[in-house]
Structure formats: C-alpha cells, structure tokens
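Let's look at a structure together and check each label against its definition. Have the picture open while you read.

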Amino acid sequence: MTDALRTTRRVARAGERRLDTESQEWCDALSGTGHEHDDAVARLHELLLRAARFEIARRRHELAGTRPRELDDLATQAAGDALMAILRKLESYRGDSRFTTWAYKFALLEAAVKVRRRAWQEREVPLEDDGWALLADRRGAPDTDAETGELLDAVWRGIREALTPHQRNVLIAITLNDVPIDVLAERLSTTRGALYKTLHDARLKLRARLAADGHCLDHLRGGRTP
Amino acid sequence: MSTPRPPAMNAVLRGLLGPAGPELTCERCFELLDRYVEAELARRDADADVPGMRAHLEGCPACAEDHDSLQSLVGSGRRPHD
C-alpha cells in the first residue's frame, strides 16, 4: 500500500467520526506494513476465532452429533472468511462502533451461516404442501376461535391468489416451514438480501389483500421488545 | 374489538405478514448492526439512531439471530454501564 493511499484512508476516517484510541490503533496497524501489519492480522484472526467459537457454541444444538474437532474446523473456516471480508472492507469502517464490535459481526455472520448450512446439508427443503398442512392444523386447532379461523382462511386465500409462485414458495419455506433464509438462498443460488426482498414484497401484497378484504391487523404489531 | 389470540397463533400470523412499518434491507441491517447494538448496550435510543432496524429484526429471523449473537458477545465482555 502506498503512503498516499494510507493518508487518504486516515483523512476519510477523520472526516467521518473520531475513533476511540483502540479502534484507531487497529486501523493504523491493519493499514500499515511489515511486522506491525502482520501482527495486527494475527491478533484480529484470534479475535475472530473467539467470536466464531462463541457463535458455534450457542448453536451447538443445531449440530448435535458433530464431533468437537469438526465444530472447531467450522469456527476456523468462519474466522478465516471473516478476516478476508474485513480486510476487503476495511475502508467501509466509519467508526460508528468500536472496531472490535464491527469486526465481530463478520465472524458471527460467517459462523451462523456455516452452521445453518451444515445443519441442513442432508435435509431437503420441505415442500410447499407441508406449510399448507401446518396452516390447516392451526385452522383446526381447538384454541382457534371463529375470528382467527376467518383471518387464517383469508391469509390462505391471499397466499394462493395474490402471490406469484416464487413469492409463495419463499414465504411458506421461511415463515411456515422454518427453512433458514441462508439455506434457501444457497439452494436457489441467490442471496439472503434478494430472498428477503421477495419475502418483503410477498408480505406487502398479502397485507394489502387482507386490508382490501376488510381485515384489521393492528393487533399483530410488535414482535420483538427492545 | 378483536378477541385475544393465542401467542402461538399471533406468532404464525406475524411471521407470515411481517412488520407493518418501513424496514431496512438485510444489507443495510448488516452495515448498521454494530452501531445499533452498541447503542442498545449503552442504553441510548437505538431505534431513533437506526430507524427501520427493529422492524427488520422482527421480520427477518436470520438477521434477528445475528443481532442477538452480537449483543450477547459484546454485552458479555462489557462492564455494566461501560
């Protein structure tokens, strides 16, 4: 890297947000050369490996029966991929958070995606009919009152009539059959973002259809609490 | 007035219909996740700081898991009120 490029980087960062001392040290070291750079890369890899192991430990139940050595291999792969991504995207770090927080998210994402894919590698994505069956089960459940049953019927009709086949498949796979979006993206040779756009569009159409049919959805607000 | 529905039923319907308000894309969510989590851990108004994030986390199970992991990892290494 040339001195001019390093200077440009520092000026760009300084113009965006003042970094805390530790984050500045990480950026300087990773943007540097020689021993300083190599040492920073090694320390960053250690940090990412700890984060990847943390994520895999949280998700161990998804990989029941997998040997500890394989789990650690998965963590090592995730840390390596995260390291590459971070070095590629170092320019985009703007100091909105501490450098370590920014870096952790790459390792956690890589580890989570690897675990989801590994957990599903021997499994087929459930068919659309399985999702319909689940909805039908809920429709017939003893705790489903008449009003809820009516709303479920309307949702069912809306999915069949208002959505394209692709939107229907994606919506049912992710929301009823609990297929992880990263697994579905891999099977369909697309990305999480592209699939979520499909899901989002499908939900908008479905909501519009239900509203046009006079259904009130206000009671469904607020799934997660801060 | 609507009859209260069982939580499981509401969860199924919420999953199908997603959040009502504007939300971030998965790409923007990833870009802003570290900022959002640090705001949460510092007890600042993270939702005002990153509009559309909470709605996205309600609608996207994978991004919600990524959020929970980052919050847990960063939070576990942080002193109270740090």
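Domain bounds here come from an automatic or database domain assignment. This is a predicted model, where local features need pLDDT of at least 70, side-chain atom pairs count only at pLDDT 80 or more, and totals for chains, interfaces and linings use all residues. Residues are numbered from 1 along each chain as its sequence is written, and chains are lettered from A and ligands numbered from 1 in the order in which they are written.

Q: What makes up the domain assignment of chain A?
A: The assignment gives domain 1 (3-120) and domain 2 (128-220). Taken over C-alpha atoms, the centres of these two domains of chain A are 36 Å apart. Two residues are in contact if their C-beta atoms, placed from the backbone, lie within 7 Å. By that test, 4 residues of domain 1 of chain A touch 4 residues of domain 2 of chain A.

Q: How many helices and strands are there in chain A?
A: Helices (H or I, at least four residues) and strands (E, at least two) are DSSP runs, numbered from the N terminus. Chain A has 10 helices and 0 strands. Chain B comes to 5 helices and 0 strands, in the order α-α-α-α-α from the N terminus on.

Q: Why is H200(A) called partly exposed?
A: Count the neighbours! A residue is buried if 20 or more other C-beta atoms lie within 10 Å of its own, exposed if 12 or fewer, and partly exposed in between, with C-beta atoms placed from the backbone. H200(A) has 19 other C-beta atoms within 10 Å, so H200(A) is partly exposed. You'll find H200(A) in helix α10 (residues 192-212) of chain A. As for buried residues, they make up 31% of the 226 residues of chain A and 44% of the 82 residues in chain B.

Q: What makes a set of residues a nonpolar core?
A: The set has to consist of buried Ala, Val, Leu, Ile, Met, Phe, Trp, Tyr and Cys residues joined through C-beta atoms within 7 Å. The largest one here has 71 residues, and L48(A), A52(A) and L171(A) are among those that touch the most other members. Helix α5 (residues 99-120) of chain A gives the most to this core, with 12 residues. The core also draws at least three residues from each of domain 1 and domain 2 of chain A. Not counting residues up to four places away in sequence, L171(A) touches I159(A), L163(A), L199(A), A202(A) and L16(B).
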